[in-house]
Amino acid sequence: MYTQSLDVPDASAPALAAVPSAPDALQTRFDEKIDADQKIEPQDWMPEAYRRTLVRQISQHAHSEIIGMQPEGQWISRAPSLKRKAILLAKVQDEGGHGLYLYSAAETLGTSRDQLLDALHTSKAKYSSIFNYPTLQWADVGVIGWLVDGAAIMNQVPLCRCSYGPYARAMIRICKEESFHQRQGFESLMVQMQGTPEQRAMVQDAVNRWWWPVLAMFGPPDADSTHGAQGMRWGIKRISNDDLRQKFVDATVPQAAVLGVTLPDPDLKWNDERQQHSYGAIDWDDFWAVVGGNGPCNKERLANRVKAHEDGQWVRDAAQAYAAKQQARLLKEAA
Ligand code: FAQ
């Protein structure tokens with residue numbers, strides 16, 4: 001239900017049924033469009049692997065936005081002022097909206113919303129590692145805005161040029177909203193850094209805990225990226241995981257200096273030869289443990305999501321009953 005899919009397989013069909021092998025002309029046309037940097041639209045023929053990659057990436061992105069509402073959402077009732085509460089409410093609602101645009105984009109590829117959600121709820125689909133870390137104190141909320149949304153923007157601006165039209169168009173609006181999210185986080189931290197020594201210490205503590213998981217959030221090193229090269233060839237990804245991570249580090253170091261916080265990496269320094277910052281080793285074992293379901297909050301995040309879905313069953317039932325009633329009325333009127 002709630003699907004915007006152009007071609008939803010029936011419930012008994014496998015989620016991504018194989019399409020008949022493409023005549024060469026269709027493949028050639030597809031390749032030409034990709035080479036000419038034109039958009040692929042839902043009604044266009046596309047290779048099955050391209051479709052599968054998009055469903056995987058867009059749905060994981062949607063799941064990340066929805067699960068990503070939880071770490072900050074837990075602070076809405078504890079925000080320190082009415083102003084901060086209103087900003088945080090708006091931000092968390094935006095993340096929910098991003099999830100919905102992205103589910104709609106994924107549905108245009110022929111997979112229903114129910115299938116996408118089922119994959120999340122049964123742990124068959126991933127969501128971003130970053131949302132499995134706890135928000136221990138108020139400064140974590142500002143640091144999520146500054147660093148997590150900052151990393152998300154770095155990763156998502158190139159996706160506005162993704163070769164798949166519905167994904168690219170969804171990303172344009174999402175990126176505008178992410179920019180507000182990043183700015184509100186930075187501004188909140190600026191205020192806290194002008195406060196008491198205890199407030200400054202809380203900001204530094206939050207930066208210390210989030211910095212490394214945020215760097216890992218860009219995905220494995222290019223050499224270990226399963227989908228990276230093909231995703232770039234198809235114009236889905238435009239910049240590799242390592243290059244985006246580097247751009248993020250270079251953009252963030254001067255922001256940290258303005259804030260007056262220390263980034264927790266003794267090896268972080270400007271490399272004159274490369275005209276980039278060098279940085280220390282990321283703990284990839286920790287990243288893969290979190291991706292594999294063993295991070296500090298994975299179980300809690302998923303359990304909350306499944307409960308929210310089950311609690312919403314009555315809304316879906318009511319919407320379906322209303323739709324059936326409307327259809328029956330229309331049929332009666334037409335008879
Ligand atoms: N977490 O071959 P690659 C946000 C998996 S939204 C978990 O390099 P790819 C907004 C990857 O899926 C944040 N798994 O993969 C917000 C693959 O496994 P698979 C989400 C990860 O797709 C802010 C395997 O590792 N953003 O923050 C992660 O080419 C604040 C091999 O990796 C997006 O989803 C990870 N971090 O590149 C909301 C952006 N990284 O699928 C609330 C769109 C990698 O084969 C509050 N996605 N893996 O089982 C992308 O750009 C890409 O999918 C990457 C990964 C870059 C994430």
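A salt bridge is defined here as a side-chain nitrogen of Lys or Arg within 4 Å of a carboxyl oxygen of Asp or Glu. By this rule, the structure contains 17 salt bridges. The structure is a predicted model, in which local features need pLDDT of at least 70 and side-chain atom pairs count only at pLDDT 80 or more, whereas totals for chains, interfaces and linings use all residues. Residues are numbered from 1 along each chain as its sequence is written, and side-chain values use heavy atoms, with hydrogens and water left out.

The overall fold is considered before the individual interactions. The secondary structure of the protein chain comprises 13 helices and 2 strands; helices (H or I, at least four residues) and strands (E, at least two) are DSSP runs, numbered from the N terminus. The C-alpha trace spans about 75 × 45 × 35 Å along its principal axes. For 335 residues, a compact globule would have a radius of gyration near 20 Å, and the 22 Å of the protein chain agrees with this. The radius of gyration is taken over C-alpha atoms, and the globule rule is 2.2 Å times the number of residues to the power 0.38. Of the 335 residues, 49% count as buried. Buried means under 20% relative accessible area, exposed over 50%, and partly exposed in between, with a 1.4 Å probe and protein chains only. Among the contacts (heavy atoms within 4.5 Å) with a separation of 6 or more, 78% involve residues 24 or more positions apart.

The salt bridges can now be taken up in detail. Side chains of opposite charge can pair when their charged atoms come close.

Which helix holds K91? K91 lies in helix α4. E72 and K91 meet in a salt bridge with an N to O distance of 2.9 Å. This pair links distant parts of the chain, with E72 in helix α3 (residues 69–73) and K91 in helix α4 (residues 82–107), 19 residues apart. E72 is buried, since its relative accessible area is 2%, and K91 is buried at 1%. K91 also forms a salt bridge with D149, again at 2.9 Å from N to O. Because K91 lies in helix α4 and D149 in helix α6 (residues 138–156), this second pair ties together parts that are 58 residues apart in sequence. D149, like K91, is buried. E72, K91, E95 and D149 are linked in a network of salt bridges. Neighbours within four places in sequence aside, K91 is in contact with E72, G145, D149, H181 and Q184.

Rolling a probe the size of a water molecule over the atoms shows where empty space is left. On a 1 Å grid over the protein atoms alone, a pocket is an open set of points where a 1.4 Å probe fits, with protein on both sides within 12 Å along at least five of seven lines; lining residues have an atom within 4 Å of a point. The largest pocket holds about 1000 Å³ of space, the volume being the space filled by probe spheres set on the points, which are joined across faces, edges and corners. Its lining consists of 43 residues, of which Q60, S128, M217, F218 and G219 lie nearest the centre. The elements giving two or more residues to this lining are α2 (48–67), α3, α4, α6, α7 (165–193), α10 (241–259) and α11 (284–294). The largest share, 7 residues, comes from α6. The lining divides into 18 nonpolar, 15 polar and 10 charged residues, where Ala, Val, Leu, Ile, Met, Phe, Trp, Tyr, Cys and Pro count as nonpolar, Asp, Glu, Lys and Arg as charged, and the others, Gly among them, as polar.

Q60 is found in helix α2. Not counting residues up to four places away in sequence, Q60 touches V55, K126 and Y127.

Two loop residues complete the account. D37, in the loop between α1 and α2, has a positive phi near 60° although it is a residue other than glycine. Q275, in the loop between β1 (269–271) and β2 (276–278), is not a glycine and has a positive phi of about 55°.
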